[in-house]
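Here's a quick tour for anyone opening this one for the first time. Have a look, then read on.

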Amino acid sequence: MESKRQVTVEPSPLQGEAYSALPRDAALLNGHKPQVMDAERFHDASERILASIGKVIDGKADAAKLALTVLLAQGHLLLEDVPGVGKTLLAKTLARTVDCTVSRIQFTPDLLPSDVTGVSIYNQSSRQFEFRPGAVFANIVIGDEINRASAKTQSALLECMEEHQVTVDGHSYQLGLPFMVVATQNPIEMEGTYPLPEAQRDRFMARISMGYPDTDAEIEMLETHQAASPLINVTPVVTAADVAAMIAAVQQVYVSTAIKEYTVAIGRATRESARLRLGASPRSLLQLLRAAKATAALDGRDFVLPDDVVDVAESVLAHRIILDRKAASSGDTPQTVLRGILASLPVAQEPPGAWRRDKQSA
Amino acid sequence: MTATSHRGSPTTYRGGPSQQVPSGEAPGPTPTSRPQAPGLYPWIMAGSVAVAVLGAALSLNGVFRGWAWFMPLITTVVAVALTLAILRTLRIQPLVTTLGALAALAGILSFTFCRQDSFLGFIPTTGTFAAVGRLIKRAAETVVSESAPVAPNAGIVFITCACLGLLVILIDALAVPLSMPAASGVGLIAVMVVPATIKPQSVGVAGFVGATVGYLLILGCSHWFAPDARLQSGAPRSSGQIRRSLVTGALALGLALVVPLAIPGFETGTFPQGSRLSPWGTSNGLNPMITLGNSLRSPTGAGRITYSTSSSAATYLRSVTVDHFDGETWAPDDRSATRRAGVDRIEPGYSIQGEVVNAVTSINAGLFTSPYLPAPFAPVSVNGLNGRWTWDPATLSIMSTESSTLAQRYVVFSAAPKITAQALSQATGKPKSISDDFLRVPGNLPSIVRQTAEQVTSSAGNNYAKALAIQKYLRSSEFTYSLQAPVQNGYDGNGLSVLADFLAVKSGYCVHFSSAMAVMARVEGIPSRIAVGYAPGRLTGETVALVGQGSFPEYEVDARDAHAWPELYFEGLGWVPFEPTPSRGVVPEYATESSVPGSLSTNADEKDVPGTAVTPPPSTFPLPGGDAQTAGSAPSDPLPTVIGTIAAVLLLAAFLGSPRLSRVVLRRRRLNPKEPADRGSPGHQDSAALAWAELQDLATDYGVPSTPSETPRHFSSRLRSSSILGEAGGLDDAAHAAVASLTADFERQRYGRPMEAASPAAARIAVVRESLRNNTSWLVRFRATWLPPSLMRRWFHALGAPFRAVGSLFRRTGQGIARSWRALRGLLPQRR
């Protein structure tokens, strides 16, 4: 709780009457659009962010890239792994790399919804109720061990994640842009926890399992991180406005009909698969496409390739689908089922025969 | 309730779909979740088994005459299969099910064959068993005494029904409780072995197809309803399976039909038709007329016999006389009652007038095994034989009931009347001293035989002239000698209908020629019989010393010299052999029209040209016209042949070159799209996609086929990392760059924003192709050029379209049936 209070206490613009209904960045959402960052600067910025993360987290370039992808795709990230592999470190590093407001919530069973969203307090001097924003009013919100909080508190976070707004006492307060929740979850020690229900898992764009680093990366980690926390050396490399511009650039990425068809085909395949009890939801397909767009942009392209979709499909979909009991007992995992589906699903390519082209264009 | 009933029948119902249901739900009390319901399975399985057995039984058609035997068989098989299905549906224990099926078999057999002897018509009693014993005895008699298409009498049909009914139970037991459906094929093969060995046409298409269909159904059935969920998991029964199995089956069938045509000598040579495994080996008591054809068709000369004789020419060796013609078949009459023991002194039962020629013949039977002793006609005494031998006064055939000719060396003294044309033409006396049996003609003789006989002998005066006329007719160029024609046309045998067929088709071998002449002679009033034995054979080049006679050349004969010839009786001269078979044996001097001595050349050439037009000995039968006709057709007119050859070569070239040509045309069309102008920008836009298609096909041709589920980028990187494109950075760097830029172009065109045309791809494709050619072996290059896999795959895909259509039709029909069955079952009251 201490740490939360320490980080959440932010400069004044978020507080008081000036903050009544419109947050600072509301203009970015409602009014004129943010500047679209051009490809070159986009590339530079993304390189800087990834390099900065790479300094702290050794040998996890994929996870770092995926985290950045989720940030640029305006999604939320779920980090799920055993303790001590750097989940929180990754979240913190990402937050620090960007010059924006950061808050951290350590989820505990006694955490209340108002701790997350904020609360209206009666100001005796002004004789009015004043809204004191909760921890969620930040650009990047780190939710540690999210499954330790009660379902009530978890669902308080839900509304914020989905709608980018907080409703207290009938008032809606817009959240900042960029806004990203990075939640960590510990799959071991499930006792006394409240596992995220399917509906809640569906709101996270991607789930990353960090995994153990390889031998070289681990040795390097032991060497460099002996003295002090590596976080100290991390300085912001981009501003929040830069990130907003990057997000705008990602939104400009072109998606052809073929890609849309391919995405839908993936979704249908998961729903029709005999080995899955629950397939991918339409929201998950939307998020899959957004993640693919961010991937394409990070790759320096202004259009999405099937490869982009395939790259993020596992991270985006694996935590949303539920295996059939038979498949689960025969040793399948959501990852293997997804891989099987992707390996058998035809990619929307131009059919190889010239005569078919005639038929198609006719 | 439900749970109790399950415990009551702890059936190892291994085939049913029940095992898919998780065990946790098994004792669910709701009537809707009936976990052990066997559903359609027993019925489909029983149907499959019945189809398989009945299909295999179709091949027995030539073993039995007609189709009368098939109806009892159907009732038996269907009754047993129905019983099985019903018992399975009622979820009776497997052992009890099998026993029940056995009981059903016994019941249906009693009902069909021994209704009077059974209680209530179908319950077997002791009387039934006695009747069954009689039936079995009758069947045994049939097996021993009759040859290939046997009449379907009650005994043999009973045995067949019983065996096939048992087979149904056996196959079902293998397929369902024992879960070894594949092994059930052994039983089907057991059925088809019978026709394969006995029938000259072997199993036949219908039987084979029927058995195969049934067998595949059994396999498919046990797969679809597999107890192991894993076997049928992930395999939607619908899509690939049926199509795949259909294509596989069609390919196998096609190969089986095409390969024998392509391999030379499948009908002659190594596997001559009809020379298949003969269960009776060389003749041993069964009808020698039947085995003769098999001997003649045997590829190797089994049963070699050597002999040397003091007579001036090589002689015919006679082992048995076939004189009994009952209308159905010619068969030897052993006359065991009147045979006489002891072969020291053999006397013909008739008197011979005139000069008698004596000869001494030393014979080594070697490995030849037969109860009949080969000897020259007419034996007077035989020395040196082991065992007890008897001779028949009527036919002078020598036979042993206990020993055989195996490894016998013996000397035969024979005395034959000197027969001349003059003597024959004077022998017009009415036949005395022989029985009327030799003149008997069955009443149901086909009219063609009588007509032909009368037509041929219309101008002949005496018996000799008639015999000569018949022989001349049969040796004329109208008739051809062929071992295969009777088999192919289905008249390989010696019955009356066979004779009619032979006279119509005019092609056959010695059995047909000799029986035709014998019957026609009887029609004309000349006593006749058929001698079966060996044509003279070949000189071995060695000489053998005969006791008291000097040394004589040795001859050899083997199974290929097996022969049958007619003997006609002339009063005063006895039995006189004739030779109506073209190109075989020696025509005796007296049997030629002009008494020019027949050449000594025997049957040296007939092996080379079986079934072709036979050129009779020119000295004996000058055939005007016939020669010219046969000789003139081929070489006279070379032009059509040449044109035909050229056309054939061109066609062949076009056929062989068509893949390459199509591929080149396709490449041209892709790289130089014709109509960019009238289509405007779309035509331009397509260029990158067309180039990409070409790149994919190119990679497919050289061994890196693209899969539909991979992205362009993935395919590109796979192509570049494969060895066929060479190493990046080296000589083939240009190709790598070309592949990369083609991929980028395609991606941009396919997935990027609409934009203007990419640069022409022809040059880059050429670079890639060059690199591919440089980095692959000549075999791959050859294949890519002449049989491009990309094209072949598409063609085969197109060829498979009908099969896929049929497959989807089957699938939809099956689904419809299943749906209506389910709806129907929903209407029935639930079983508790």
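Which residues have the most contacts inside the largest nonpolar core? They are A:Leu77 and A:Ile140, in a core of 99 residues. Keep in mind that this is a predicted model.

**The largest core**
- Domain 1 (2–211 + 231–239) and domain 2 (253–344) of chain A both give residues to the core, so it lies between them.
- Setting aside neighbours within four places in sequence, A:Ile140 touches A:Leu94, A:Ala95, A:Val98, A:Cys100, A:Val102, A:Met180 and A:Val182.
- Another core, of 77 residues, lies apart from that one, and its members include B:Tyr473, B:Leu474, B:Tyr481 and B:Val576.

**A helix pair in chain B**
- Helix H3 (residues 70–89) and helix H4 (residues 94–113) of chain B pack at an angle of about 150 degrees, and their axes are 9 Å apart.
- The angle is over 145 degrees, so H3(B) is roughly antiparallel to H4(B).
- H3(B) crosses H4(B) in a right-handed way.
- On the H3(B) side, the contact involves residues including B:Pro72, B:Ala79, B:Leu84 and B:Arg88.
- H4(B) answers with residues including B:Thr97, B:Gly100, B:Leu105 and B:Thr112.

**Chain B in numbers**
- Chain B contains 27 helices and 16 strands.
- Of its 832 residues, 39% count as buried.
- Among the contacts in chain B with a separation of 6 or more, 72% are between residues 24 or more positions apart.

Notes
Residues numbered from 1 in each chain as written. Chains lettered and ligands numbered in written order. Predicted model: local features only at pLDDT ≥ 70, side-chain atom pairs only at ≥ 80, totals over all residues. Core = buried A, V, L, I, M, F, W, Y, C linked by C-beta atoms within 7 Å. Buried ≥ 20, exposed ≤ 12 C-beta atoms within 10 Å, placed from the backbone. Domains from an automatic or database assignment. Contact = placed C-beta atoms within 7 Å. Axes fitted to C-alpha atoms, helices over the stretch in contact; angles between N-to-C directions. Helix = DSSP H or I, 4+ residues; strand = E, 2+ residues; numbered from the N terminus. Parallel < 35°, antiparallel > 145°, perpendicular 65-115°, else oblique. Left-handed = near helix turned anticlockwise from the far one by under 90°.
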